[in-house]
Amino acid sequence: MTMEQELDLSAMSIMDSLVRNDRAHPDWLWRSGALVPWAEASIHVNAVGHASVAAVFEGIKAYVSHDATKLLAFRLDEHLRRLYESARIVRLDIPYGIDTLRAAVIEVIRANAYRDDVYLRPWAFPAGIIQEQMVPAGIACELVVDSWTFQSGLGTERGCRAAVSSWTRINEASMPPRVKAFSNYHNGRLAMIEARENGHDWPILLNERGKVSEGPGACIAIVRDGVVSTPNTTSGILESLTRDTSITLLRELGYTVVERDVDRTELYLADEVFFMGTGWEILPVTWVDGLKVGEGTAGPVVRALDESYAALVRGASDLHAEWLTEIPF
Ligand SMILES: Cc1ncc(COP(=O)(O)O)c(C=O)c1O
């Protein structure tokens, strides 16, 4: 049996199951203070290019509750706080307080009458047409909240083939990975293209010290002898909320979780490897660099985490209700 046949892991099926656009676009976006119809949310062509280099964003999920009575936005305020942190580092002044942004996200969900799991993307970008190559600090910025439905992989049998990239993760001294800037994704994109060209699904990037950092859209953890280890937040990673959630849930499940440097060769010896991110959710890595991880399927720790995470985001457990913002149907 080939790797491909063991699990249906073609790159397209993974992409499909992670983020599937059931609607071509939402009816309504939120843009700088008000809901606007999709067709009217335009900008001049000259507003892309140098102007968009400084843009920062967030990726937030709202899940349908287990009793199908509401959507539950997961760690909404923390995501919005990270948006302000990203904006602060790149010197964009978001002209709205967190109460306005929280209300904007909820307004977008209501205006589009979502009844499915929905991904929300607020982003801030310099307003107007900028001709300077170096976008100045403190420039006026616009804020948009976009959204689309997605198909959650939680609770399904899944996995991916990963490979260590020949590209190095951007680092604090050049392009800080702590900032959720669109520009940073060029690094992950190059790594993803290389991985796909070589027949893998996703890359794992090493940092400038040669230690494991993260994937292009998710943090990573390994399990060895029952202990979970994940690179710490100064390893060249985004300060991921799913990583933080996973650490909390795993500890509550009784596992030891250590934040430390992880070596490439530990990926080869690990019993389990998994990605953690809002978009990718909890994604088991079943092959690394052509080596099978464990039995080549999701292991017990990642299964326990997946179950606990799925129950949490759908409000089916009584844990961490403080992380859920209710938006009744
Ligand atoms: C590069 C990168 N790392 C990690 C993550 C995971 O972050 P979070 O769990 O907050 O979504 C993301 C998610 O979007 C990401 O793009």
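**Exercise 1.** At what angle do helix H7 and helix H9 pack, and how far apart are their axes?

*Solution.* A quick word on the model first: it is predicted, so local features need pLDDT of at least 70 and side-chain atom pairs count only at pLDDT 80 or more, while totals for chains, interfaces and linings use all residues. Residues are numbered from 1 along each chain as its sequence is written, and side-chain values use heavy atoms, with hydrogens and water left out.

Step 1: find the helices. H7 covers residues 241-252 and H9 covers residues 300-313. Helices (H or I, at least four residues) and strands (E, at least two) are DSSP runs, numbered from the N terminus.

Step 2: read off the geometry. The angle is about 110 degrees, and the axes are 10 Å apart. Axes here are lines fitted to C-alpha atoms, for helices over the stretch in contact, and angles run from 0 to 180 degrees between N-to-C directions.

Step 3: name the arrangement. H7 and H9 are roughly perpendicular to each other (that label covers 65 to 115 degrees; under 35 is roughly parallel, over 145 roughly antiparallel, the rest oblique).

**Exercise 2.** Which residues of H7 and H9 meet?

*Solution.* Step 1: look for contacts, meaning heavy atoms within 4.5 Å. On the H7 side you'll find Thr242, Thr245, Ser246, Leu249 and Leu250; on the H9 side, Val301, Leu305, Ser308, Tyr309 and Leu312.

Step 1: sort them. The contact has six nonpolar residues, four polar and no charged (Ala, Val, Leu, Ile, Met, Phe, Trp, Tyr, Cys and Pro count as nonpolar, Asp, Glu, Lys and Arg as charged, and the others, Gly among them, as polar).

**Exercise 3.** Are Trp30 and Tyr96 stacked or edge-to-face?

*Solution.* Step 1: check the rule. Rings of Phe, Tyr and Trp (its six-membered ring) pair if their centres lie within 6.5 Å; planes under 30 degrees apart are stacked, over 60 edge-to-face and the rest tilted. The count comes to 11 aromatic pairs.

Step 1: apply it. The ring centres of Trp30 and Tyr96 are 5.4 Å apart and the planes sit at 75 degrees, so this pair is edge-to-face.

Step 2: Trp30 lies in strand E1 (residues 28-31) and Tyr96 in the loop between H4 (76-90) and H5 (98-111), so the pair ties together parts 66 residues apart in sequence.

**Exercise 4.** Is Trp30 buried or exposed?

*Solution.* Trp30 has a relative accessible area of 2%, so it is buried (under 20%; exposed is over 50%, partly exposed in between, with a 1.4 Å probe and protein chains only).
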